[in-house]
Amino acid sequence: MFSSHADGSRLPGSSRSGPFAVAVVLIGAILGLVAGCGDGPTGDEAYRLVEVERAPFVLTVETAGVLEPLVERNIQAPYSSIIEWLVEEGTFVEEGEPVARFDSSDHTRNLEGEQLDRKLATRDKELKDLELDLEQFELLNRLAFGEGDLGLLRITHDVLAQGVDPAEVARIEMARENGENALANLRVSRNEKQPYAARGFVSREDMATLEVKISREKLQLQVLELEDRIARRGGKPVDIVAAARDIHLSTSAIEYVRVQADSFDARRLENARELETKLGGIESEIEYLESLTKQSVARAPISGVVLYGRIHMGGTQQEKVKVGARAHQGSRVMRISKVDRMKVVLKLSARDAQRVNPDQKIHFRLSAYPDEQLTGTVTRTQQALSGNELDRWIHPVMLTLQATAELDASSDKLKPGMSGQASIQVETRPGVLSLPSGAVVDGAVILADGTRRAVETGAASYDRTEILSGLEESQQVRLPGLASPRPPSPAKAIPVTRGDLVVQLEASGEVEAEGVTNIAIQDLRSDGKIAWLAKEGDVIPAGELVAKLEEKKFKDDVAEKQLALQTLQKEKDVLDAKQRVEGDQLRDELDVARQDLEVARLEKKIIDGGKLPRELADLRYDLQIAERDLKSAQSRLDLKLELAAQGNVAADEIKDLTEKRDDARAAHRLARVKLDLGLAGYTRSEHKKAELKVRKAELTLKLVQKKLDVGKQRRDTELRKLQFRVADAERQLKRFESILASAQVTAPVTGTVVLLEHWSQSGPVKTAIGDTVNEGVPFMRLANQSSFRIKAQIPEERLAGVAKGQAATFWPLQSPGQQFQGTVESIAPIATEKRRMFGLFEGSRVFDVRIDTDLENRRFQPGLSVGCRLLLSTHPQVLKVPVNALHASQEGSYLFLKSGERRSVTVGPMSESEAAIEAGLAEGDVVLVAEGEDAS
């Protein structure tokens, strides 16, 4: 409902429609400031008398302001990616509720790569551990081996140094005894033959031969004596020294191996730390990528209303974020605003900023609801960059001053982005003389008697001026006014009628396809050049080509990945063959080691158990033969001795038999010694040697078995590692094959081709053949022509009359006579600055309104400019007069009747051409409208 001052200015609860109605209100406001409201002279120059008042004087700063939520949180893109899903703008979401989802395929691929690296690094660690285990085992084996060899060397040295072979000692003793007997017999024979030699019965040659035999036996006895000493004492000094040297070298080698073994743990620890560091870096990268993957779903940090941000969509302008757009890391995708409490951001001039401080009170009137006054308090002042980003890119950066004020109350009518006028109370002066501002002209006033008087003025507010000197309290001065209103001339007489009043709002807009699909290649790895492109306006069925990219680079990448995969597969075949050969060799070595161990154990068993029965039987047999030979030799000797006593046997024959008996006796004694040794078993050194040989064979077997086990584990690990690499190569090949396939761009849905614009050296141009497209950046759109909607922009001051569900009419601007019907579907939850000329200049603030329609008409292409008319309200059977018949004064609205009478009226709803009269007129009255003005 409308209500009026006497001058026609609007009161709370009024509404306005149409440009002319706005003009009427503005004129009324001007009249209200200067029109007379008291008695005074009449005529062409009207004035009224006002008194100089002494009252508190409030100094204010008038400035424009914009509403912003008091509490809001930004949702930023965690990384550069395609937006896959967004919650609808204007939706109220609870804290923690999902509001957006970003494509994380790049991070998923990188995560798979890092997980592969982790597997490979883990396998490398296993391989290194196996190698270290084998190395440690070999060191310990070498240590045990060396200690066994050292034991053998010490036994050899002991044998050489001490002499411990009983059989050899017995043999030498027997030989010495036989030699001594033979020497004695030779000496006896020489003594017997010397008398005969002197008489010439024995030749000199025989005696010389006998002397030679005696000398030879002496020499043989000396040799046997030396051999006996050696057998009892040991080997030759040079051999003993060589054996000692071997022991020293073996001991040094063992010490070296022991040092290696002692330092092995430190080397293992160092290697473990190195591998753990590598794995730690990979784990950190995996955690980072997993965190990014988790961030692919953005959640509301607070409960509030979703408001979209603006983002570059690949065209010449920034647009609201939408599904399919690429958001760069850190860019604001949306913000969650608590709209229950608002603040006002005020722009201040340098002069006003000096007087504005926190805690000052403000009064704020919204452009959309000018009859409602909001109050608040200034919370802070600050410097800020002027203009938007594009302005600052074109023009030098300028600093302005801002103030922020928090409003005291909340209302569902308040929406972010709304603008209004703020009055900041910067100072209150008590007891100040003041006059209405219009009474002081050029530093002087006109007194009631018409006398002009100069005055000194102080501070001034928007409606009063402080008087410092020249006037006194209650003194009257003239306040100039306008001439008394007169009926229009020439004028038309228009009767007051009763009928329906329709209040409408006209706005401009453009056609939007209800289903718009951005065409972008999500995985190019870099960029691509367009080789073919569908024409704009063509209708492309789903699945058909809309663009082609040059494929050579993509084919080269696929060929490279195929070659890499083939190389890995060949490497796998080589590894299989190598592992089979190594396995066969180690198994052969294992068989040999087992056989050697069996032989060593058998020999030790023999030595531990003494001589075999067969060997003892042989020794007993040898002893029996020796006994028989001894008896036979003794019998022959006894027989010859009996014959010799009768003088029937020569002395030489007796000597020969005696030597044979002595040899048989020595052989018998040697056979006895051998049998005794055989019955006693092997020597300590022989037992020790057998034991060491078994230990050596066991170590060899364990070493070969360890090598075989480690080799199998290493082969399995290397094969698994290679399988990982082959799987990764296959995955990369599939990806590059997919990239190659994406060079043939097909339509995901049926729609009309709309080419996007981009900047070039000559300005904004549409996508064309030869242009470069970037990964994830749209270069065309497919618009669904089967359905569309209208996006209109309404001034924020007209928001109060617009509501969801209102009827709407729209028409192409080139054919205004053809009008179509629709319904208001949604109203933007935020006011935005109207932009023109590619965003270079800012216009007034507007609200986006979407109008839904069931119309299907190919004439309405996306981007087509249309006119819109919204049906705000219908008032049936009300008194109506032309808007141009109304006049405004400080007392309110009035009009002139045909009789010339000035009639005050109460004005109700207004359209662009008619106004409803709630009081002051009756049906049939005739009012005057100035000639030449539209009186329809």
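Me: Where does Ile155 lie, and why is this residue called buried or exposed?

Reply: Ile155 is part of helix α2, which covers residues 105-162. Please keep in mind that the model is predicted. Buried means under 20% relative accessible area, and Ile155 has 8%, so this residue counts as buried. Its C-alpha atom is 9.0 Å from that of Glu686, a residue 531 places away along the chain.

Me: What makes Asp557 count as buried, and which residues is Asp557 in contact with?

Reply: The relative accessibility of Asp557 is 12%, and because the limit is under 20%, Asp557 counts as buried. This residue sits in helix α8, residues 552-609. Setting aside neighbours within four places in sequence, Asp557 is in contact with Arg525 and Phe736.

Me: Now the rings. Why is the pair of Phe788 and Phe810 called edge-to-face?

Reply: Two values settle this one. The search of the whole structure finds three aromatic pairs. For Phe788 and Phe810, the ring centres are 6.3 Å apart, and rings pair if their centres lie within 6.5 Å, so they qualify as a pair. Their planes stand at 90 degrees, and over 60 counts as edge-to-face, so that is the name they get. Phe788 belongs to strand β34 (residues 788-795) and Phe810 to strand β35 (residues 807-812), so the pair ties together parts 22 residues apart in sequence.

Me: How do you know whether Phe788 and Phe810 are buried or exposed?

Reply: Phe788 has 2% relative accessibility, so it counts as buried. Phe810 has a relative accessible area of 0%, so Phe810 is buried too. Ring pairs also link Phe788, Phe810 and Phe820 into a cluster.

Me: What makes you say that the charge of Lys119 sits over a ring?

Reply: The charged end of Lys119 is 5.1 Å from the centre of the Phe724 ring. The distance limit is within 6 Å, so Lys119 meets that part of the rule, and the charge is listed as sitting over the ring. Arg902 likewise lies over the face of Tyr894, at 4.1 Å from the ring centre.

Me: Why is the meeting of Glu283 and Arg118 called a salt bridge?

Reply: The N to O distance between their side chains is 3.2 Å. Because the rule asks for a nitrogen within 4 Å of a carboxyl oxygen, the pair counts as a salt bridge. Glu283 is in helix α5 (residues 237-294) and Arg118 in helix α2, so to speak distant parts of the chain, 165 residues apart. With relative accessible areas of 28% for Glu283 and 26% for Arg118, each is partly exposed.

Me: What ties helix α4 to helix α3?

Reply: Glu211 and Arg190 meet in a salt bridge with an N to O distance of 3.3 Å. Glu211 lies in helix α4 (residues 204-233) and Arg190 in helix α3 (residues 166-199), so the pair ties together parts 21 residues apart in sequence. Glu211 has a relative accessible area of 31% and is partly exposed.

Me: How many salt bridges does the rule give, and which residues are linked in a network?

Reply: The count comes to 40 salt bridges. Glu512, Arg789, Lys791, Glu825 and Arg850 are linked in a network of them.

Me: Finally, which residues have the most contacts inside the largest nonpolar core?

Reply: That core has 51 residues, and Leu67, Ile424, Ile794 and Leu870 have the most contacts inside it. Beyond its neighbours within four places in sequence, Ile794 is in contact with several residues, including Leu505, Val846, Phe847 and Leu870. A second, separate core has 30 residues, among them Ile521, Leu533, Leu549 and Ala747.

Terms used. Residues are numbered from 1 along each chain as its sequence is written. This is a predicted model: local features need pLDDT of at least 70, side-chain atom pairs count only at pLDDT 80 or more; totals for chains, interfaces and linings use all residues. Side-chain values use heavy atoms; hydrogens and water are left out. A nonpolar core is a set of buried Ala, Val, Leu, Ile, Met, Phe, Trp, Tyr and Cys residues joined through side-chain atoms within 4.5 Å. Buried means under 20% relative accessible area, exposed over 50%, partly exposed in between (1.4 Å probe, protein chains only). Contact means heavy atoms within 4.5 Å. Helices (H or I, at least four residues) and strands (E, at least two) are DSSP runs, numbered from the N terminus. Rings of Phe, Tyr and Trp (its six-membered ring) pair if their centres lie within 6.5 Å; planes under 30 degrees apart count as stacked, over 60 as edge-to-face and the rest as tilted. A charge sits over a ring if NZ of Lys or CZ of Arg is within 6 Å of the ring centre and within 35 degrees of the ring normal.
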